[in-house]
Amino acid sequence: MQLPNSDNLEIEVQYLNRLFEKTSECYKYFWFQAILTKVLEGKDVITYEELIDEMIADAWYMVTEYHLNLGPKDTLERLIHHISCISSIKPSEKKGELLDYLKHCEDKEVAQKKRILTFNVPYRLQAPFMESMKGDAWNVSEGSLIARINWEKRLMYYISEANGMQTEIYIQPEWVKYIHKNQEILKGWLKYNMIMYLQKRNWRLLKYVPASI
């Protein structure tokens with residue numbers, strides 16, 4: 001399934017098509033889905049905290065109701081199980097209620113696991129756009145990695161100075177337009193790739209799970 005081209009993003013869309021080529025954990029799918037959600041809500045500057053909370057909310061029902069395996073060492077899955085244990089939130093809880101809980105949650109383990117989720121995916125998601133970054137170029141401090149990434153051209157987003165969960169990403173204007181124009185195709189493309197990923201890890205369970213998750 002190929003994504004539609006754009007006159008302003010011809011090369012960049014080719015990179016976008018490769019976004020999920022090398023994926024051993026679920027994080028890229030949920031991080032990208034969170035970006036789509038926030039952009040379609042009208043935001044182009046988004047904190048790590050907002051995006052991680054979206055990821056938790058989007059994966060909540062899959063994990064708490066259907067017990068899907070999100071990955072071999074998945075922090076997102078473990079985080080959801082922990083929140084389910086310490087709260088009274090039901091699998092069928094409305095997304096807005098869950099997001100409100102996460103916004104005000106002061107549990108130290110929740111905060112720690114949310115922070116762990118920001119260590120790789122905000123940077124690695126755009127790896128197909130950054131062919132010059134290889135090997136040890138990724139193994140530097142967070143501040144150095146952000147500075148190196150912000151030096152690149154043609155990215156979907158750039159990143160503010162490191163500030164924990166309040167670090168921000170800045171979606172580029174041409175990408176905001178592309179997302180709005182092609183939102184249904186992007187959602188379908190993402191859903192297809194996510195289902196293919198989950199199917200490999202949950203083939204015994206997925207036949208019982210509604211396609212609407």
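These legends describe close-up views of a predicted protein model.

Residues are numbered from 1 along each chain as its sequence is written. Local features need pLDDT of at least 70, side-chain atom pairs count only at pLDDT 80 or more, totals for chains, interfaces and linings use all residues, and side-chain values use heavy atoms, without hydrogens and water.

View 1. Helices (H or I, at least four residues) and strands (E, at least two) are DSSP runs, numbered from the N terminus. Along the sequence the pattern reads α-α-β-α-α-α-α-α-α-β-β-α-α-α. The C-alpha trace spans about 45 × 35 × 35 Å along its principal axes. The radius of gyration is 17 Å, which agrees with the value near 17 Å for a compact globule of 213 residues. This radius is taken over C-alpha atoms, and the globule rule is 2.2 Å times the number of residues to the power 0.38. Buried residues make up 47% of the 213 residues. Buried means under 20% relative accessible area, exposed over 50%, and partly exposed in between (1.4 Å probe, protein chains only).

**View 2. The largest nonpolar core holds 68 residues.** Such a core is a set of buried Ala, Val, Leu, Ile, Met, Phe, Trp, Tyr and Cys residues joined through side-chain atoms within 4.5 Å. L16, W31, F32, L76 and I169 touch the most other members. Helix α3 (residues 48-64) gives the most to this core, with ten residues. In soluble globular proteins, nonpolar side chains tend to be buried together.

**View 3. W31 and the residues it touches.** Leaving out residues up to four places away in sequence, W31 touches Y48, L51, I52, M55, V121, P122, L125, Y157 and I169. Contact means heavy atoms within 4.5 Å. Among contacts in the protein between residues at least 6 apart in sequence, 65% join residues at least 24 apart.

**View 4. L198 sits in helix α10 (residues 183-201).** L198 is buried, with a relative accessible area of 4%. From L198 to T64 the C-alpha to C-alpha distance is 15 Å, and the two are 134 residues apart in sequence.

**View 5. H67 has a positive phi, near 55 degrees, in a residue other than glycine.** H67 lies in the loop between α3 and α4 (75-86). H67 is exposed, with a relative accessible area of 54%.

**View 6. R154 has a positive phi, near 65 degrees, in a residue other than glycine.** The loop that holds R154 runs between α8 (142-150) and β2 (157-159). R154 is partly exposed, with a relative accessible area of 45%.
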